[in-house]
Amino acid sequence: MTLTRRLRRTCGLASVAALLAATPFLAAQAQQQHAHVHGQLKLDVAVDGPTVVIDMESPLDNIVGFERAPKTDAEKKTVEEAVAQLRAADKLFVIDPAANCKLGPVDLRSGALGLGNPDPNEPVGHADLDATFSFNCTNAAAAKFIDVNLFGVFKGLRQIDSQIASAQGQFKRQLKRPAGAAAAQPVRLGWGK
């Protein structure tokens with residue numbers, strides 16, 4: 001199935017036109033932004049129709065503390081716990097209650113961890129963990145924020161760079177790890193007017 005047909009099935013015609021018009025720019029930007037920087041994580045949020053979709057790209061080190069397949073029992077346990085936390089994404093991403101969202105499919109991808117269909121271009125020794133979290137909502141357009149609990153769960157994370165596409169427009173936001181005990185609290189990723 002072609003990209004256009006897949007997009008049309010999932011996003012609708014207006015979204016497809018906008019995405020295709022931006023494709024050359026997005027391709028160039030994706031190459032620049034796929035830099036592997038420890039402590040940084042990328043979140044792309046799309047609010048479209050009845051869904052909120054969050055795409056995450058992170059160096060594996062941010063999530064489990066190393067960038068390879070686990071070797072010891074302790075590392076295997078760390079990976080199991082991290083995967084369980086990511087699969088419970090509705091605890092990591094609490095969407096504005098006005099949208100009335102429920103967690104849908106979670107897709108985790110990491111070559112080092114043997115999860116999903118990882119990026120074949122991932123450089124050896126610099127493993128990533130990529131994920132897509134889908135939320136089904138009764139009123140997704142009402143969402144104006146997501147409370148993000150990643151800093152409290154993943155200690156290696158220092159910064160989140162985010163792009164949001166919603167009916168209110170397109171936004172870029174950057175979240176930094178709060179100091180001290182505040183790091184355990186959610187950080188609000190907001191958008192809109």
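A disulfide is a pair of cysteine sulfur atoms within 2.5 Å. Hello everyone, let's start there, because this structure holds 1 disulfide under that definition. Before we look at it, a word on the source: this is a predicted model, where local features need pLDDT of at least 70, side-chain atom pairs count only at pLDDT 80 or more, and totals for chains, interfaces and linings use all residues. Residues are numbered from 1 along each chain as its sequence is written, and side-chain values use heavy atoms, with hydrogens and water left out.

Which two cysteines form the disulfide? They are Cys101 and Cys137, with sulfur atoms 2.0 Å apart. The link of Cys101 and Cys137 is right-handed, with 100 degrees about the S-S bond. Cys101 lies in strand β4 and Cys137 in strand β5, so the pair ties together parts that are 36 residues apart in sequence. When I say strand or helix, I mean DSSP runs numbered from the N terminus: helices are H or I with at least four residues, and strands are E with at least two. Are these two cysteines buried or exposed? Both Cys101 and Cys137 are buried. Buried means under 20% relative accessible area, exposed means over 50%, and partly exposed is in between, using a 1.4 Å probe and protein chains only.

Now to the sheet. Strands of a sheet pair through backbone hydrogen bonds, either parallel or antiparallel. Here we have an open sheet of 6 strands with mixed pairing, in the order β4-β5-β2-β1-β7-β8. Two strands pair if DSSP finds at least two bridges between them. What stands at the edges? There we find β4 and β8 (169-176), each with a single partner strand, so one side of each is left without a neighbour in the sheet. On average, neighbouring strands of this sheet are turned by 15 degrees against each other, direction ignored. For such angles, axes are lines fitted to C-alpha atoms, for helices over the stretch in contact, and angles run from 0 to 180 degrees between N-to-C directions.

Let's zoom in on one pair of strands. Strand β2 (residues 51-59) and strand β5 (residues 128-137) run antiparallel, and 9 bridges join them. Within that pair, Ile54 stands opposite Phe133 in β5. Helix α4 (residues 73-87) lies across β2, β4 and β5, and runs at about 145 degrees to β4.

Next, please find Leu43, in strand β1 (residues 40-48). Leu43 is buried, with a relative accessible area of 1%. What does Leu43 touch? Not counting residues up to four places away in sequence, its contacts include Ile54, Phe93, Leu150 and Gln163; contact means heavy atoms within 4.5 Å. Leu43 and Gln163 are 120 residues apart in sequence, yet 6.6 Å apart in space, C-alpha to C-alpha.

On to charges. How many salt bridges does the structure hold? There are 5 salt bridges, each being a side-chain nitrogen of Lys or Arg within 4 Å of a carboxyl oxygen of Asp or Glu.

Lys42 is buried at 17% relative accessible area, while Asp44 is partly exposed at 24%.

Another joins Glu75 and Arg68, where the closest N and O atoms are 2.7 Å apart. Glu75 is buried at 15%, and Arg68 is partly exposed at 31%.

In the third, Arg188 pairs with Asp147, and the closest N and O atoms are 2.8 Å apart. Arg188 lies in strand β9 (residues 187-190) and Asp147 in strand β6 (residues 145-148), so this pair ties together parts that are 41 residues apart in sequence. Arg188 is partly exposed at 47%, and Asp147 is buried at 17%.

Let's finish in the loop between β3 and β4, where Asp96 is found. Asp96 is buried yet has no salt bridge, and Lys144, the nearest side chain of opposite charge, is 6.4 Å away. For charge, Lys and Arg count as positive and Asp and Glu as negative, while His and the chain ends are not counted. Among the residues that Asp96 touches are Ala142 and Phe145.

The loop between β3 (93-95) and β4 (101-109) is also the place of Asn100. Its phi is near 50 degrees, a positive value in a residue other than glycine. Asn100 is partly exposed, at 37% relative accessibility.
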